[in-house]
Amino acid sequence: MIELLNRSGRLPRGVRAGRIKSAAEKTAKFGGAPGKYACVMLVKDEGIRRLNRKYFGRNRATDVIAFPMEDEYLLGDVAVSVDTAKRQCRAYGNTVERELMTLAVHGMLHLLGYDDSTAKRRAEMDKTAEKMLESLRKGGGRWKKRKSAK
């Protein structure tokens, strides 16, 4: 079960929370954990900066942070910065909704054990995320493929 919490205030125009939740649910199902609980929390830059500082010692905002849990019922928690997603979507040529979905999927993949610490692993993770996002796409034009972060 996936819970989506919006702690960022009002979502940007055109962003449907249900689509972000669906992306996270699809990722959990893909990873063989459809019944496990995970929380995807949408936050502002300040909120993710506080988490990044407290748990990783980095006093800066980032796009997504995952907190995997070693439990048979809990998958973990994911925090996604809506502010960072708004900036990144312009650079990648995508909508804010698409960027938030990408970040939710990325965080969920971390909960499932994916690692992006090397270029090869990051490419594998990005490829898996793109497959899931493409399968969720409904109508409209094709999404521009998101570039890997440096």
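This is a predicted model: local features need pLDDT of at least 70, side-chain atom pairs count only at pLDDT 80 or more; totals for chains, interfaces and linings use all residues.
**Helix α4 and its two packing partners**

Let me begin with α1 and α4, which are roughly parallel to each other, since the angle between them falls under 35 degrees. Helix α1 covers residues 17–30 and helix α4 residues 96–111, and the two pack at an angle of about 30° with their axes 9 Å apart. Their crossing is right-handed. On the α1 side the contact is made by R19, I20, A23, A24, T27, A28 and F30, and on the α4 side by E97, L100, M101, A104, V105, M108 and L109. By class, these residues divide into 11 nonpolar, 1 polar and 2 charged.

R19 is buried, with a relative accessible area of 14%, which is under the 20% cut-off. A polar atom of the R19 side chain lies 2.9 Å from the backbone oxygen of L136.

That brings me to helix α5, residues 119–136, which packs with α4 at an angle of about 125°, the axes being 10 Å apart. That angle makes α4 oblique to α5, and the crossing of these two helices is right-handed. Here R98, M101, T102, V105, H106, L109 and H110 of α4 meet R122, M125, D126, T128, A129, E130, M132, L133 and L136 of α5. The contact of α4 with α5 has 8 nonpolar, 4 polar and 4 charged residues.

How values were computed: Residues are numbered from 1 along each chain as its sequence is written. Side-chain values use heavy atoms; hydrogens and water are left out. Axes are lines fitted to C-alpha atoms, for helices over the stretch in contact, and angles run from 0 to 180 degrees between N-to-C directions. Helices (H or I, at least four residues) and strands (E, at least two) are DSSP runs, numbered from the N terminus. Angles under 35 degrees count as roughly parallel, over 145 as roughly antiparallel, 65 to 115 as roughly perpendicular and the rest as oblique. A crossing is left-handed if the near helix is turned anticlockwise from the far one by less than a right angle, and right-handed if clockwise. Contact means heavy atoms within 4.5 Å. Ala, Val, Leu, Ile, Met, Phe, Trp, Tyr, Cys and Pro count as nonpolar, Asp, Glu, Lys and Arg as charged, and the others, Gly among them, as polar. Buried means under 20% relative accessible area, exposed over 50%, partly exposed in between (1.4 Å probe, protein chains only). A polar contact is a pair of N or O atoms within 3.5 Å; within protein, one must be able to donate a hydrogen and the other to accept it, and residues adjacent in sequence count only if both atoms are side-chain atoms.
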